[in-house]
Amino acid sequence: MDAAEKDTAEKDTVRFRVSLVVLPVDDFTGNPITGSQVRVFIPGQKPPVIKSDGYHVFLNLQEPQVEVCCESGLYGPRREEVVLPAGAEPLVIKLRLSPNASYPMPPGATCVAGRAEPGRRIRFRCADSGETYRLSREYQHTGEEKDTLCIFNPNHRELEGKTMFIQGKDGKQEYFTAAGLKEEGCRLAEPLQHDYKKVGTVLYPVFETYTSPKGDFFLLLGSGREGETTWLWEMEGKEGLREAVLAPGRINRLLWKEEM
């Protein structure tokens with residue numbers, strides 16, 4: 001290879017460097033969202049290359065951190081701050097999207113529609129014990145395996161890309177995302193902020209979306225439940241946790257009100 005050919009090859013390598021791969025996933029079914037059902041973009045960056053299996057491939061990103069945005073006619077909007085790795089290997093992530101009111105609702109679905117402040121993230125978790133997980137091993141946030149959280153998951157539910165809320169018996173708590181799967185449990189993008197004992201620690205699957213510019217939101221919280229269930233919900237950036245008793249088979253209406 002002469003100098004000119006080498007220079008051309010190096011330019012081609014830079015031109016097509018894969019920086020980030022995003023797979024949007026239906027948070028209700030756990031299946032990838034393919035075709036034109038969703039738009040994935042990074043503000044100020046070139047559109048991704050879209051693969052037939054649903055992967056969106058971003059090339060030649062220069063910033064160490066970017067905001068990935070998802071928009072769809074069937075799913076609520078999502079945006080996520082993503083820190084890109086410093087090495088040559090691209091980052092591959094799953095982003096779960098929550099169905100909106102245009103989604104074909106399954107029979108007996110538990111749905112909630114409401115209003116809060118515009119542009120805020122809204123998070124729901126079920127307070128009933130049947131909707132929770134436990135640890136199969138203690139977690140140390142400074143230990144050698146700080147990037148692994150061992151979750152007892154007997155039904156083998158799909159957790160990759162899922163936002164979770166963890167709460168210890170001592171009151172320590174935080175949100176995290178299951179960035180990937182490992183034989184022992186899930187891989188964490190970043191270590192948790194606290195240690196968690198096996199006994200007394202509870203993990204809740206989280207359903208989340210963003211409010212519209214008018215403050216409206218909608219969430220499908222699953223189906224197959226019998227009778228009313230109690231849910232806890234909160235608005236990111238605001239103090240306070242609300243409790244709501246929701247019935248299946250209809251849209252439950254909620255309004256965020258500041259506590260007096």
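Q: Strands (E, at least two residues) and helices (H or I, at least four) are DSSP runs numbered from the N terminus, so where does Leu 74 sit relative to them?

A: Leu 74 falls in the loop between β5 and β6. A note on the source: this is a predicted model, in which local features need pLDDT of at least 70 and side-chain atom pairs count only at pLDDT 80 or more, while totals for chains, interfaces and linings use all residues. Residues are numbered from 1 along each chain as its sequence is written, and side-chain values use heavy atoms, with hydrogens and water left out.

Q: Is Leu 74 buried, partly exposed or exposed, and what makes it so?

A: Buried means under 20% relative accessible area, exposed means over 50%, and partly exposed lies in between (1.4 Å probe, protein chains only). Leu 74 has 27% relative accessibility, so it counts as partly exposed.

Q: What does Leu 74 touch?

A: Not counting residues up to four places away in sequence, Leu 74 is in contact (heavy atoms within 4.5 Å) with Gln 37, Pro 99, Asn 100, Ser 102 and Tyr 103. Tyr 139 is 65 residues from Leu 74 along the chain, and their C-alpha atoms are separated by 37 Å.

Q: What makes the pair Thr 148 and Asp 147 a polar contact?

A: A polar contact is a pair of N or O atoms within 3.5 Å; within protein, one must be able to donate a hydrogen and the other to accept it, and residues adjacent in sequence count only if both atoms are side-chain atoms. Here the side chains of Thr 148 and Asp 147 are joined at 3.3 Å.

Q: How do you know whether Glu 160 is buried or exposed, and which side chain is its polar partner?

A: Glu 160 has a relative accessible area of 19%, so it is buried. Its side chain makes a polar contact of 3.4 Å with Lys 94. Glu 160 lies in the loop between β12 (151–152) and β13 (163–167). Leaving aside neighbours within four places in sequence, its contacts include Arg 96, Ala 178 and Leu 181.

Q: What makes Asn 60 worth a look?

A: Asn 60 has a phi near 55 degrees, a positive value in a residue other than glycine. Asn 60 sits in the loop between β4 (56–59) and β5, and its relative accessible area is 23%, so it is partly exposed.

Q: What makes a set of residues a nonpolar core, and which members of the largest one touch the most others?

A: A nonpolar core is a set of buried Ala, Val, Leu, Ile, Met, Phe, Trp, Tyr and Cys residues joined through side-chain atoms within 4.5 Å. The largest has 23 residues, of which Leu 20, Val 22 and Val 68 touch the most other members. Among the strands that each supply at least two residues of this core are β1 (18–26) and β5 (65–71). A second, separate core of 16 residues includes Trp 233 and Trp 256.

Q: Which residues does Val 22 contact?

A: Leaving aside neighbours within four places in sequence, the contacts of Val 22 include Val 40, Tyr 55, Phe 58, Val 68 and Leu 95.
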